[in-house]
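Here is a short tour for someone opening this structure for the first time.

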Amino acid sequence: MSPIENVSRRRFLTGGIIAAGALVLGVRYYHKLPSGDKLPHDTNADHATLHPNVYLGLDPDGTVWIVASRSEMGTTSRTTLPLIVADELDADWKRVKIEQALGDSRYGDQNTDGSHSIRSFYDAMREAGATARFMLIQAAAQQWGVPAGECETDLHVVVHRSTNHRTDYGELARAAAKLPVPKREELKLKPKSAWRYVGKGQVSYDLEALVTGKAIYGMDARMDGMVYASVERPPVLGGKVKSYDDKEALKVAGVHQTLPIEPFQQAPAFQPLGGVAVIADNTWAAFQGRNKLNIAWDNGPNESYNSDAYKNELRATSHNPCKVVRNIGDADAVFAKAGKVYEADYYVPLLAHASMEPMVALAEFKDGKATLWAPTQNPQAVQDIVAKEVGIAKEDVICHVTLLGGGFGRKSKPDYVAEAAVLSKKMGRPVKVVWTREDDIKFDYYNAVASMYMKAALGADGKPTAWLQRSVFPPIPSIFDVNAVYGDPAHLQQGWTDIPYDLPNLRIENGPAKAHVRIGWLRSVANIYHAFAIQCFTDELAHAAGRDPLDYLLDLIGNPRSIDFKGVEYPNYGASMDAYPWETGRLRRVTEMVAEKSGWGKRKRGKGTGFGIAAHRSFLTYVATVVEVEVNDHGEVRIPRVDTVLDAGLVVNPEATRAQFEGAAVFGTSIARTGEITATKGAIDQSNFQDYPVARINEVPKQTNVYIVDSDAPPAGVGEPGVPPFVAAFCNAIFAATGKRVRDLPISKVGLS
Amino acid sequence: MIQLKVNGVEQSFGGEPEMPLLWYLRDVLGLTGSKFGCGVGLCGACTVHVNGQATRSCVTTMRDAAGKEVTTIEGLDKNGLHPVQKAWMQINVPQCGYCQVGQIMQAAALLSSKKKPTDHEIDEAMSGNICRCGTYQRIRAAIKVAAGGTT
């Protein structure tokens, strides 16, 4: 076999070596290695001479092995997390080798989603590096007969200044490995002034491989003896094969056979959708054979689903009282007495991820074990679902994580990996399942379609005296429980229950909606539609009140304070409210800064141009964005410039962070301009980039300027938070330029001419 | 038998003449640098050079590639240091990187016909290549660097 070179140079060792040689300590986010010889998989770090924890190894030649336990899909986390280890170790980055972890619970959480890789692993990475540095200093001090307290480190060396001793880390590895692993309390972390890499950043470890075509994605996984599979799936969720005829398919040159895949049981979760697989010598033959299949489907109850009718249902639900999820004061009493109330409906359709690499996975089921190579955001979920689908123990599922050609949340859901495993078990040989773009668009876990009803009464000063907001959307828990119809706290928190305005009377509600397609996380998730509704409605009220949108937004945010969530279920993205309070002062600050950076109110507006502003906190990061648009007489929109300011606490890799926010503006452009998935009789209407267009170079912001607030607050997310405020600011800019209010996305459907 | 040259090496292919060049490169020759993104010529991830022209290999059949000289990312520069590749690294263009091979092949073809493309010419030449991560701003900057300008 010719496995993937850059994934993991696995060395199969007999039992006992790890137990004898490895020094294991427990830090917060990984579990201890199993005792004795029961080590399922291993890394070079595991077998390095000095191996104080699962993330790190040091060999006598000075090579530092750092294990990237989270997936790389373009956010640079595979580089940035090891950079934290290297910094605390005082290691020379040029002598660091990064290896990708297999799916393994010893690394703690590996689901690379929710913009929390840095936040959740920052401390663990520092401790991992500091532990090794501590041991190297101890080893050097013993060799030199000097107090360890007098020794320090410089780049990859331990130094004792007064005696002029200076020894490379590699030469100390063996001695250090004999020392006890220090307790966490003994570690002395480097002061900020001594940081080498954190806050300065680094380009991707894989940069050269990425520009030379050598980088290995899931699509590029190959194995001797493998066959290729393409699967025809039920066009309607929950559908089943009634019967099928594969005579013509089997005539296609290169096609070996066809195999049915069982439909999922109960809720879809991450199970295969079912259907018929065509197995062939190469990808193209599998596609061709599949085109010749003749399948009769039983579509099941979701055949009743039509997007136009569904939109009306959501809207109707939102116009009636729903479940109250947060309440302050008595909004209804104010509305009853108010002279004029303002109301608006906002709508965001289903959205597809459309990562450039379609779903793909290679599986080998052999001797009761399943080995997988997959572009997955969540290798432990792969282990779980594959174990269940092929009937083996989780420990017998070995998941190699390749690079991901984009993920955006889709590749947290390993249904496609399960398909490969099921087929390999049936075939008794390695199988690579390749999804077409059409499969990717039609069988996604879509970002929820959502309808938001907004209502406000304004006082004499133009500020809202009462505010009501109702959202209705099929919730993500519906993929696990088909009866789940209400928004759950983890998604209502995303820019809805945490509206940051200082309002005397506020009621927030959520209504029921049944899902007819698989709903899932997509970059920024519920923040997309929540921020769109709140930030555009704010802009509407500013104009109604005759106020400048920036001043009005700042007025509503109010004085700096921590939002009190008493009586509200507010998970705060899994972070503690003590470490990550919701500070309106930080939102205010980024808003003021973006006004200044963008020249808000100062730049000249030509014909058909307009500026829009929005501010939003998501994934614990505060962002404000100003978008400038030009709309010509034909309704064609250009985006000459975007300014965005973010406060994500400590930013480890500013360069990668800027890239994420530049990309977020593009991702937001796609959502706002053309993003829409619809269904007719339960089947998805779109299929490829001609009917699910994503933004191209001539359609995106010409210049996106990203400004990072210098902050010592704990690190927060950067992959997702740029998207929500962009979409709202963009639509507000269109209003400023044209006087046309965008309340239903996408803009392409409404038109601006 | 179809004869063609891939990265300077003579190859012959006896399979289905309707097979797209992309799958021949990837599945038969094992040259996986060129990527599958859409299969219908809409995204540009599969872009290679056929007789020097940027070409979507996913919609180019082996019949059409017969007798031609095909260059993939693996053959663009033997050291991976084509001016476009160097510029891509200098500007730190890639995020996930999946589309970048196609972007680089497209940009290299552009610069071989236009030494100093304007913004408009860059947009025209590159608008067939989708980047879902949204690296377009850097792609434009990197093309200018490769063209010998400054950012």
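## Domains

Chain A of this predicted model splits into three parts: domain 1 (17-212), domain 2 (218-300 + 359-434) and domain 3 (307-351 + 445-750). Domain 2 and domain 3 are each written as two segments.

The C-alpha centres of domain 1 and domain 2 of chain A are 37 Å apart. The two domains do touch: 15 residues of domain 1 are in contact with 20 residues of domain 2. On the domain 1 side, 9 of the touching residues are polar, 3 are nonpolar and 3 are charged.

## Nonpolar core

The largest nonpolar core holds 276 residues. Ala229(A), Leu372(A), Ala421(A) and Val727(A) have the most contacts inside it. Helix 4 (residues 117-144) of chain A contributes the most to this core, with 14 residues.

Take Val727(A) as an example. Beyond its neighbours within four places in sequence, Val727(A) contacts Ile528(A), Ala531(A), Phe532(A), Gly668(A), Ile671(A) and Ala672(A).

## A four-stranded sheet

Chain A has an open sheet of 4 strands in the order 22-23-24-27, with mixed pairing. Strand 22 (609-618) and strand 27 (703-708) form the edges, each pairing on one side only. From one strand to the next, the twist averages 15 degrees.

Strand 24 (residues 637-647) and strand 27 of chain A run parallel and are joined by 6 bridges. Asp643(A) has Asn705(A), in strand 27, as its bridge partner.

Helix 17 (residues 584-598) of chain A lies across strands 22, 23, 24 and 27. Helix 17 runs at about 140 degrees to strand 24 of chain A.

How values were computed
Residues are numbered from 1 along each chain as its sequence is written. Chains are lettered from A and ligands numbered from 1 in the order in which they are written. This is a predicted model: local features need pLDDT of at least 70, side-chain atom pairs count only at pLDDT 80 or more; totals for chains, interfaces and linings use all residues. Domain bounds come from an automatic or database domain assignment. Two residues are in contact if their C-beta atoms, placed from the backbone, lie within 7 Å. Ala, Val, Leu, Ile, Met, Phe, Trp, Tyr, Cys and Pro count as nonpolar, Asp, Glu, Lys and Arg as charged, and the others, Gly among them, as polar. A nonpolar core is a set of buried Ala, Val, Leu, Ile, Met, Phe, Trp, Tyr and Cys residues joined through C-beta atoms within 7 Å. A residue is buried if 20 or more other C-beta atoms lie within 10 Å of its own, exposed if 12 or fewer, and partly exposed in between; C-beta atoms are placed from the backbone. Helices (H or I, at least four residues) and strands (E, at least two) are DSSP runs, numbered from the N terminus. Two strands pair if DSSP finds at least two bridges between them. Axes are lines fitted to C-alpha atoms, for helices over the stretch in contact, and angles run from 0 to 180 degrees between N-to-C directions.
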